[in-house]
Amino acid sequence: MHDVAIIGLGPTGVTLATLLAQQGLRVLAIDREAGIYPLPRAVHFDGECMRVFQSLGIADALQFQIRPSPGMKFIDSEGRLLIDWSRELEVGPMGWYPSYRCHQPWLEQTLRAKLAEQPSADIRLKHELLDCTEATDGVELRIKDVASGAVLQEKARYVVGSDGARSFIRGLIGAELEDLQQSEQWIVVDVVLNRERPDLGDYSIQHCDPSRPGTYVRGVGMRRRWELMLMPSDDPASITQPESVWKLLSKWVTPEEATLERPALYTFRAVVARGWRKGRLLIAGDAAHLTPPFMGQGMCAGIRDASNLAWKLAAVIRGEASEDLLNTYESEREPHAREFVSTAVRLGQVIQTTSPDVLRQRDQEFAQTQFFSTPQPALGPGAHAGGALGGRLIPQAVCADGSRTDDEIAYAYSLFVSPGAIDAAQSIVKNVMPIVVAAEPVLANWMEKSGIVAALVRPDRYVAGAVASASDLGQLIQSHGLQTPVTV
């Protein structure tokens with residue numbers, strides 16, 4: 001009996017599998033492919049995702065393969081600035097830079113290597129899920145070994161489908177898909193420069209040009225990406241041919257300056273599933289939501305799913321919480337993910353419009369430079385107290401020695417307290433969870449501004465609840481069902 005079976009080992013699935021295995025759960029990790037897809041796909045993640053990778057223990061390894069991003073600019077067909085969405089090139093509230101460029105195959109290799117270190121993880125590549133049937137105490141799985149053709153029987157207490165946009169597990173759940181009305185076909189072209197081209201710039205550029213809306217992305221190393229919307233006169237059957245691709249890129253780069261790595265057609269969609277759980281079956285990542293790439297948040301949403309779900313599954317399986325806790329996964333994550341999808345759709349409308357009337361209205365609206373900040377929504381209702389702080393991320397401080405406050409607590413519940421409340425916290429909490437004294441300025445200022453002396457923080461770094469008086473600490477702990485020691 002496995003505790004959890006993960007179907008699909010993209011970034012979401014492997015992150016979830018590793019978080020579970022690091023808590024000692026028996027994880028069956030299945031992927032039908034023999035290895036990692038070698039070509040570029042996702043090229044961005046944010047500071048919150050880096051914080052999750054820190055929890056996994058891969059942040060140091062990633063530092064050599066990622067690049068902080070200065071953000072993006074939206075320009076019209078005349079080169080005039082419509083929107084300036086710059087990011088600070090310094091450490092932010094997450095304890096990391098706000099935005100990073102990455103090469104997905106490298107990221108996945110690092111993630112897979114960390115999963116392979118976990119003794120309780122059973123990794124099955126070239127294995128395909130044929131069917132699963134829910135039983136009283138778990139789920140019966142029929143799995144095909146693609147190499148040999150053998151059909152195997154396995155069992156798990158829970159099954160999570162991180163199996164992509166055409167999710168098999170989502171179909172078994174019967175989740176409905178809500179289409180947020182974003183469906184345009186684009187060609188995505190990745191190249192590797194033969195020499196440096198500083199003139200292309202470090203910012204991502206959204207070309208809001210009605211003759212051919214497009215995006216330029218500065219990747220890591222010598223990698224660059226252009227995404228260009230298909231127009232009515234384009235032939236999808238021939239536009240991915242090298243001669244057609246180089247013609248599209250001719251204003252920026254030539255075949256003598258770069259090597260074509262991948263041209264691919266994509267239909268950018270905005271979809272949110274309704275029904276992320278049915279009994280012992282759950283979905284995460286692209287199986288639960290799809291977002292257009294205009295914010296670079298597609299992979300980020302899946303990483304957030306994994307961080308939210310892992311501690312809840314572990315608590316239920318260990319008998320520390322009832323199965324009702326799993327219902328808070330969708331109630332918290334769905335509105336949070338929807339906010340990012342909806343914002344990406346709104347930005348897509350700015351970029352993709354070709355109607356003269358809409359263009360005039362757009363250019364009037366953005367006559368003054370606009371600044372779009374990354375949405376920072378609270379989680380939906382669930383395993384937190386709500387209010388001003390509940391369901392929101394606690395900041396992370398970088399200490400003088402270079403360590404970060406999350407390093408003190410791993411992926412576990414913790415109590416952050418002001419220096420004046422430490423004695424009360426130690427007498428009440430004892431061995432229930434780690435106590436972190438909020439002495440670093442980032443945390444001390446956050447607590448003072450919030451008017452609190454203590455914050456109960458969940459393993460995913462979201463605040464469960466907070467109190468303004470040390471005398472309320474006991475009630476805070478007990479109200480979240482943490483009367484017994486939490487496994488760390």
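Residues are numbered from 1 along each chain as its sequence is written, and side-chain values use heavy atoms, with hydrogens and water left out. Because the model is predicted, local features need pLDDT of at least 70 and side-chain atom pairs count only at pLDDT 80 or more, while totals for chains, interfaces and linings use all residues.

Helices (H or I, at least four residues) and strands (E, at least two) are DSSP runs, numbered from the N terminus. Two strands are taken to pair if DSSP finds at least two bridges between them. An open sheet is formed by eight strands, in the order β6-β5-β13-β14-β15-β12-β16-β19. Its pairing is mixed. The edges are held by β6 (81–86) and β19 (289–290). Each has a single partner strand, so one side of each is left without a neighbour in the sheet. Within the sheet, β5 (residues 71–76) pairs with β13 (residues 204–208) in the parallel sense, over five bridges. I75 has H207 in β13 as its bridge partner.

Helix α6 packs on this sheet, touching β12, β15 and β16. Contact here means heavy atoms within 4.5 Å. The direction of α6 makes about 90 degrees with that of β12. Axes are lines fitted to C-alpha atoms, for helices over the stretch in contact, and angles run from 0 to 180 degrees between N-to-C directions.

Helix α6 covers residues 242–249, and V245, W246, L248 and L249 are buried in it. These buried residues fall within an arc of 155 degrees seen down the axis of α6, so they line one face of the helix. The arc is that of the directions from the helix axis to the C-beta atoms. Buried means under 20% relative accessible area, exposed over 50%, and partly exposed in between (1.4 Å probe, protein chains only). An α-helix has 3.6 residues a turn, so residues three or four places apart point the same way. E243 and K247 lie on the other side of α6 and are exposed. The buried residues pack against β12 (176–193), β15 (223–229) and β16 (258–274).

A second open sheet has four strands, in the order β21-β20-β22-β23, again with mixed pairing. Here β21 (435–437) and β23 (463–467) stand at the edges. Each has a single partner strand, so one side of each lacks a neighbour in the sheet. The twist averages 20 degrees from one strand to the next. β20 pairs with β22 (residues 454–457) in the antiparallel sense, over four bridges. L415 has L456 in β22 as its bridge partner. Helix α10 (residues 422–429) packs on the sheet and touches β20 and β21. Its direction makes about 180 degrees with that of β21.

The structure holds 36 salt bridges (a side-chain nitrogen of Lys or Arg within 4 Å of a carboxyl oxygen of Asp or Glu). One of them joins R51 to D406, with the closest N and O atoms 2.7 Å apart. This pair links distant parts of the chain, 355 residues apart. R51 is in helix α2 (residues 47–56), and D406 is in the loop between α9 (356–365) and β20 (414–417). Both R51 and D406 are buried.

Another salt bridge joins D202 and R67, at 3.4 Å from N to O. It also links distant parts of the chain, 135 residues apart: D202 is in the loop between β12 and β13, and R67 is in strand β4 (residues 67–68). D202 is partly exposed, at 36% relative accessibility. R67 is partly exposed too, at 30%. Salt bridges that share partners join E178, R274, E334 and R338 into one network.

R32 and E33 form a further salt bridge, the closest N and O atoms being 3.2 Å apart. R32 is partly exposed at 46% relative accessibility, and E33 is partly exposed at 40%.

R304 lies in helix α7 (residues 298–317). It is buried, with a relative accessible area of 7%. The R304 side chain makes polar contacts with the side chains of D46 (2.6 Å) and E48 (2.7 Å). A polar contact is a pair of N or O atoms within 3.5 Å; within protein, one must be able to donate a hydrogen and the other to accept it, and residues adjacent in sequence count only if both atoms are side-chain atoms. Leaving aside neighbours within four places in sequence, R304 is in contact with D46, E48, Q297, R333, H336, F340 and Y462.
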